[in-house]
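Subject: Structure handover

Hello,

Here is the structure to look through. My notes on what was found in it follow below.

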Amino acid sequence: MRAESSATAPTRIAVVTPMRTFGTLQAALGVAAFSLTFPATAWGLEGFGPWSLVAVRSVLAALIAGGCLLALRVPVPGRRDRPGLAVVAAGVVVGFPLLTTLALRTSTTAHAAVVVGLLPLTTALLSALRMGTRPSRTFWTASVAGAGAVVAFTVQQSGGALTGADLYLFAALLVCAAGYTEGGRLARVMPGWQVIAWALVLCLPLSVPAAALALSYEPVHLTAHSVAGLLWVAVGSQFLGLVVWYRGMAVIGIPKASQLQLAQPLLTLVWSVLLLGEHLTVAAPLTAAAVLVCIAVTQRARG
């Protein structure tokens with residue numbers, strides 16, 4: 001029995017390692033897609049009001065998702081999965097896009113990106129509470145260190161007091177982390193793309209009238225930037241990015257996948273300079289680099 005067990009062990013490792021690598025790659029692709037969300041939102045706000053932008057992006061993403069569900073004849077989720085899908089819808093379809101869009105009316109994308117660097121720790125904490133995951137002490141130490149760097153940056157940038165934009169961003173962290181946690185859990189029992197697809201479709205009865213109402217009150221000025229920004233947040237951030245993100249979370253686990261998002265502030269800082277022409281303070285890239293070091297530690301930590 002021992003000889004047989006030892007003979008099969010390398011095979012198991014050989015199978016598991018590529019799966020985890022592929023899962024990490026998918027989660028990383030999701031982070032790359034998310035890193036463009038704030039710059040794309042800033043572009044969208046050049047032609048749309050904040051409420052119109054959020055509602056229209058949700059409708060467009062839901063139409064794409066619904067089309068995929070119909071084309072593949074995917075059965076409606078069971079009753080037991082619907083509460084989780086409602087949390088995903090409230091967190092990543094409505095809450096996070098709306099709160100961050102409101103914040104970006106007065107905050108730079110660079111500042112918002114670094115504040116959202118707290119999302120990995122928030123997600124890991126909610127995952128531990130909701131699903132009973134128990135990451136190692138090294139994991140938590142690195143996560144808290146990265147979060148501490150983000151908090152210090154936020155306080156320094158705001159002159160020691162939180163702004164209204166910061167309050168929007170911190171609220172966005174909580175609802176998004178809840179949506180990520182439930183989505184990661186559901187992605188273990190259904191394909192990841194179906195998780196976000198059904199969440200988007202679930203919001204259609206709310207997003208369609210909201211879009212019609214918002215567009216009737218907020219003026220629209222279509223430009224190349226505003227259209228490109230709208231299309232990216234609807235297709236890239238709201239649908240495709242979340243598809244690969246949830247698939248990755250299902251393979252490597254919610255805590256480790258969430259820590260990959262520590263790289264998101266650094267990527268968004270790069271986009272804010274290249275696409276928006278923002279000028280960074282010295283603290284922004286230093287903070288982003290600090291949390292990037294933390295991500296390496298969390299990915300190597302066991303548990």
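A crossing of two helices is called right-handed if the near helix is turned clockwise from the far one by less than a right angle, and left-handed if anticlockwise. The model is a predicted one, and in it helix H3 passes helix H4 in a right-handed crossing.

Helix H3 covers residues 50-71 and helix H4 covers residues 82-103; their axes come within 9 Å and cross at roughly 150°. Angles over 145 degrees count as roughly antiparallel, so H3 is roughly antiparallel to H4. On the H3 side, the residues that meet H4 are Pro50, Trp51, Leu53, Val54, Arg57 and Ser58. Their partners in H4 are Val93, Pro97, Leu98, Thr101 and Leu102. By type, the residues of this contact divide into eight nonpolar, two polar and one charged.

Next, the nonpolar cores. The largest nonpolar core has 65 residues, and the members that touch the most others in it are Val92, Tyr180, Ile196, Trp245 and Tyr246. Leaving aside neighbours within four places in sequence, Tyr246 is in contact with residues including Val88, Val92, Tyr180, Val195 and Ile196. Several glycines are also on the list for Tyr246, among them Gly179, Gly183 and Gly192.

Beyond its neighbours within four places in sequence, Thr122 is in contact with Leu173, Leu174 and Ala177.

Regards

Note on methods: Residues are numbered from 1 along each chain as its sequence is written. This is a predicted model: local features need pLDDT of at least 70, side-chain atom pairs count only at pLDDT 80 or more; totals for chains, interfaces and linings use all residues. Side-chain values use heavy atoms; hydrogens and water are left out. Axes are lines fitted to C-alpha atoms, for helices over the stretch in contact, and angles run from 0 to 180 degrees between N-to-C directions. Helices (H or I, at least four residues) and strands (E, at least two) are DSSP runs, numbered from the N terminus. Angles under 35 degrees count as roughly parallel, over 145 as roughly antiparallel, 65 to 115 as roughly perpendicular and the rest as oblique. Contact means heavy atoms within 4.5 Å. Ala, Val, Leu, Ile, Met, Phe, Trp, Tyr, Cys and Pro count as nonpolar, Asp, Glu, Lys and Arg as charged, and the others, Gly among them, as polar. A nonpolar core is a set of buried Ala, Val, Leu, Ile, Met, Phe, Trp, Tyr and Cys residues joined through side-chain atoms within 4.5 Å. Buried means under 20% relative accessible area, exposed over 50%, partly exposed in between (1.4 Å probe, protein chains only).
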